Amino acid sequence: MFRRQILKSIGVAGLALATGVSAACAQEVVKVGLILPMTGPSASTGRQIEAGARLWMAQNGSTVAGKKIELIIKDDTGAADQSKRLATELVVNDKVAFLGGFGLTPLALSVGPVATQAKVPAVIMAAGTSTIVASSPYFVRTSFTLPQNTAPMAQWSAANGIKTVVTLVSDYGPGLDSEKAFKAEFEAKGGKVLESLRAPLMNPEFAAFLQKAKDLKPDALFLFVPSGQGASLMKQVGERELAKSGIKIIGTGDVTDDDQLNGMGDALIGMITSHNYSAAHDSPENKAYVAAFLKANNNMRPNFMSVGGFDGMAAIYKALEKTKGDTDGTKLVEAMKGLAWVSPRGPMSIDPATRDVTQNVYVREVKKVDGQLYNVEFATIANVKGSN
Amino acid sequence: MSPRILLESRDLVKRFGGITATDHVTFSLPEGARHALIGPNGAGKTTFINLLSGVLTPTSGEIFLDGANVTHWSARKRAHAGLARTFQINQLFADLTPIETLMLTIAEREGEGSSWWRPVGARTDFVDEAVALLAQLGISDIAHARVGQLAYGKQRLLEIAVALAQKPKVLLLDEPAAGVPEHEREQILDVVAALPKDVALILIEHDMHLVFRFAKSISVLVNGGLFVEGTPDEIANDPRVRQVYLGEEEVHV
Amino acid sequence: MSNITSPSPEAMRARAVLLGRSRWGVAEIIFWILAVACYWLFPTKLSLLSEIAILGLVALSVDLVLGYAGIVTLGQGAFFGIGAYAAGLAAKFGMGTSLWSDPVIGLFIGGGVAAVIGFATSFLVLRGSDMTRLMVTLGVALIVDEVVNQMKWLTGGSDGLQGVLPSAVLGIWEFDLFGRVAFVYSLVVLFVLFVIARALVKSPFGLSLQAIKGNMLRTRAIGMPVNARLVAVYTVAAFYAGVAGALAAQTTQFASPDYVAFHRSADAMLMLVFGGAGHLYGGLLGSIIFRTMQDVLGNITPQYWQFWLGVTLVALVLFVRGGILGLLDNMLAAWRRKGGAS
Amino acid sequence: MLTILLDGIAYGMLLFILAVGLCVTLGLMNFINLAHGTFAMAGGYLTITLMQKAGVPFLLCLPAAFIFAAALGLVLERTLYRHLYDKTHLDQVLFSIGLVFISIAMVDYAYGANQQIVNLPDYLTGRFSFLGASIGVYRVFVIAICGLLVVSLQLALTMTRFGSRLRAAVDDGRVARGMGIDVTRIFAVTFAVGSGLAGLGGALGTGIISFDPTFPLKYMIYFLIVISVGGTTTITGPFLAAILLGVADVAGKYYVPAVGGFIIYTIMVVVLIVRPQGLFARAAAK
């Protein structure tokens, strides 16, 4: 009698709490845990992805294959140890069937081991370094990769009389990725990269680097900075009068981010960038998406991060449909492989071999369209693979 | 044979910018000495003590402790070589208790200061020695109170206890009774008088009554220089000292 | 000194009081029982509890330097980060298989590297006033931060250290997802280091630290090698912070420049002062309250938890002398005076 | 090369205006106010708001920023800082870190986390070439304004009665009080003026440096370097230190970007050890 008493009071209570009760209700509700930087320097990324994801659910209802989808948003403040802890809690306590979000590369990389150990699919809706997906069999990406967005820019530059280029990138994963991709593609096409400059990721002061670029007098200056830093970079580019001294300003779409483009001033007009999404993309799906997004987010213009969130949810819904609601992680990842659909950005698919995103990449020019600055696309490179 | 010289200064000078606080002082303190150092305010008495105890480094001249040239030794090294002192303004550990203060001093003396595994008080012989010292100084009643909250007189006694806990060969007492109310001065006088014979003592004091009762020899410091030295009788009757320092007051020896 | 054969009543009482200083009090034992009980009380919050244990260890290392020896430091976060990277790299190159990546070995590597750097920089802290010590320790922390960011080939720069794969603790307990092993492991390491710190603080060495903090002039007059003691305690504290960093790297299987950031040192000092510096438990208490408050407030208003942190800090300095334990001490003393007990 | 030098001098001058208030208050009351950056941020964000929302011309924002930050300084000093003069350095540090956290959270709430930019008026933008190097108009403007401020500060200190009383109080507070100088009132005024200058520096800074909520933390380190190298007993000490720091920082980032930040922190630690009272100050007899 005495022994049973002890067992009841200490052991059982703890265990029941942890596993028994919550397992029962998993059948009806499928939880999706999004880990986003809602605060800190990349807060704009978190805000855009959340808006994209919620818009998809608003348009496609919150039930798929008989299962009710519940979205849980967690703020990791852009700190990798927080993302990992939140991922563990989402998996262990909330029993999520999907993880998603990951505003920056380090945040995604820290969650890799958790997804692998817990066998839960993790949809990358932002982070752009090419090596991330390979780091865990449960990663699937619906955003973009830097080489994917950078290579077309190099091809266009070589084809349009640009012989020498200086690159200036932020000194972290995606930055180095885009620097390497640009240099490889551009030099393959006969161009010459004079110097690869790197500015610190946190609290960057671009003045000295821009001055150095100006002194090297290249035909063009290639720029990459994370979403959120484009405005202050372009202000200093204007202030240094690089364009006036005959240097063409090129870069990836991260610099002319739709979220900030309008506030950057007319000095930006004429800048050429390459990216996988522009709010001015000419397609019926995009027109509907932008209109709905503006209405739902009091005129905040959607940027490439928002479609990462929007298409991330699309992939989750389609995977659940394929597995008819079965939330087994491995089956879900298998179901995602090879998915293809038309997104507001254009046709896209999940590469079955690498689980990375294959999509069109567009070359665009900054133009003023009825009073607002947009990246107007004028060339398309179809079905660029995410990573090989 | 003449008693061993424990502490000696040769041509000691200390200048602060333009001011000469110690002016070529040559001085020696034999074993068992009961020596008083007197002089008007600003005569450089405390500076001289600070030079002897290593708190200040001399501009020139040398200091010898028990024959060894300690001129450039740190205060810490001199303390280990057997030179202890009290301070004119109490310099104690406010957060510790008297028993802890003495335990610490004894531990440092015995080289046990850096033992970090056994708790304070494991060495019961240290504890007994500390308790005996407190009893000797008559402050056993406040053994476990916070030093910061002790009465000023008790703190002055604790200063002497700490100096004694270092088992010094030479003890420099810097105005031990300064600021102590009248009725408690007697207690300090008795303690100073009862100090062990083999310790050489220098006492800085303004209270002439105490000086003449305690000292076997006296030095008079004026403007940093050694004005005159001698037995209490010689000093009391020396017209120059009277004129410079004692003023017209009649002194009963 | 006449040799007293049978110890006098005062001597007996003095021995009792002095030995009483280091006897484990009831409150202490309850504290640790509760800490262990957390394993069952909060099964879903184990990773948070491990983080609290680790932050407690960093606050304890600041307590040794600030609470006991009186050295103001804004640089303990640097040693935390160094420990994290050293242990992380050991786990990474050990690839989860070889001896190198055994967590306990990792602790000594993390602590050891931090202690070496602590020893090297301890001489900078010996001279100067609070202000210079504050800025020197801050300067050292910034240099470490800069080095971590620049040595990308080793530390992974801003992306952080990838591929940290600690093997099972002592080859037996694999780090599980639920954070059970991580919590027990962190708590055991914290307890072991706490016991050592407690002995150290109650020993003549600890007493000499309090003396140095109390009156530097007198410590030199009684022949204490002050600089040697400060170097020793600064190095030990660096070891403690390094081990905490190693624990963090192993339990989160990650290390990033955020581990060497300024806020790590500021938070550690805040937790300590909040709990009460110079009470040994101040750091532990402070980390529990600080981290739980951050977690609770963080969920309500993620951005503005820092606002409430700032308000508590200002209120703490203006109204509370000596943190919570200081408050308890004063209340206890007041109660004892009123009650006319001893 | 000349461009980098001028950029460095402009940056250095700006740092001096931002830091001078802290140097004097530290020297005067031995008060470690790590939150000095919040007044600079106040000036900066006020300018951003006035220009973006109210379209106030940039030149009007400068005096407005000075007055606003000075008023903020006066209020905080009279209400909170007053209670801290007799507290330990540790308490002062914790108090000011608390203030920094509060200011970061409030600005983050009001303006969001990303960097704010200000579109300067046309007559202040653009560059011209001088001796073959292209010089930013705004940089020259900053050098001019800051140069004016430095000269007027120096004159105020040496010529005016308030200046002499301030210097006496900095040299030895006790003696100054003995001579009947109301040191606390002098401190209140100096604190306000120092904060006002920081606010003005913040407003000027919107053209050169980027403003985000973490500004006070990011620039606290620069202020500490200016104090440790420049010392607190004179005005010229921190001025020379600020210029040295400005040029070293900009040149460092231009020539040896990998090692950039490393240089200035090492300078700080070395100077603190070799000459704790500062590179340029005479040994403070305090």
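Tutor: Domain bounds here come from an automatic or database domain assignment. This is a predicted model, in which local features need pLDDT of at least 70 and side-chain atom pairs count only at pLDDT 80 or more, while totals for chains, interfaces and linings use all residues. Residues are numbered from 1 along each chain as its sequence is written, and chains are lettered from A, with ligands numbered from 1, in the order in which they are written.

Student: How far apart do the C-alpha centres of domain 1 and domain 2 of chain A lie?

Tutor: Let's start with the bounds: domain 1 of chain A covers 17-144 + 283-355, and domain 2 covers 147-275 + 362-384. The distance between their C-alpha centres is 29 Å.

Student: Which helix gives the most to the side of domain 1 of chain A that touches domain 2?

Tutor: Two residues are in contact if their C-beta atoms, placed from the backbone, lie within 7 Å. In chain A, 15 residues of domain 1 are in contact with 15 residues of domain 2. Helices (H or I, at least four residues) and strands (E, at least two) are DSSP runs, numbered from the N terminus. Helix H2 (43-60) and helix H11 (304-322) of chain A each supply at least two residues of the domain 1 side, and the helix that gives the most, with 3 residues, is H2(A).

Student: How do the residues on the side of chain C that touches chain D divide into nonpolar, polar and charged?

Tutor: Chain C brings 31 residues to this contact and chain D brings 33 residues. H6(C) gives the most to the chain C side, with 13 residues. For the classes, Ala, Val, Leu, Ile, Met, Phe, Trp, Tyr, Cys and Pro count as nonpolar, Asp, Glu, Lys and Arg as charged, and the others, Gly among them, as polar. On the chain C side, that gives 22 nonpolar, 7 polar and 2 charged.

Student: Is B:Lys167 buried, exposed or partly exposed?

Tutor: B:Lys167 is found in the loop between helix H5 (152-165) and E7 of chain B, and has a positive phi of about 45 degrees although it is not a glycine. A residue is buried if 20 or more other C-beta atoms, placed from the backbone, lie within 10 Å of its own, exposed if 12 or fewer, and partly exposed in between. B:Lys167 has 16 C-beta neighbours inside 10 Å, so it counts as partly exposed.
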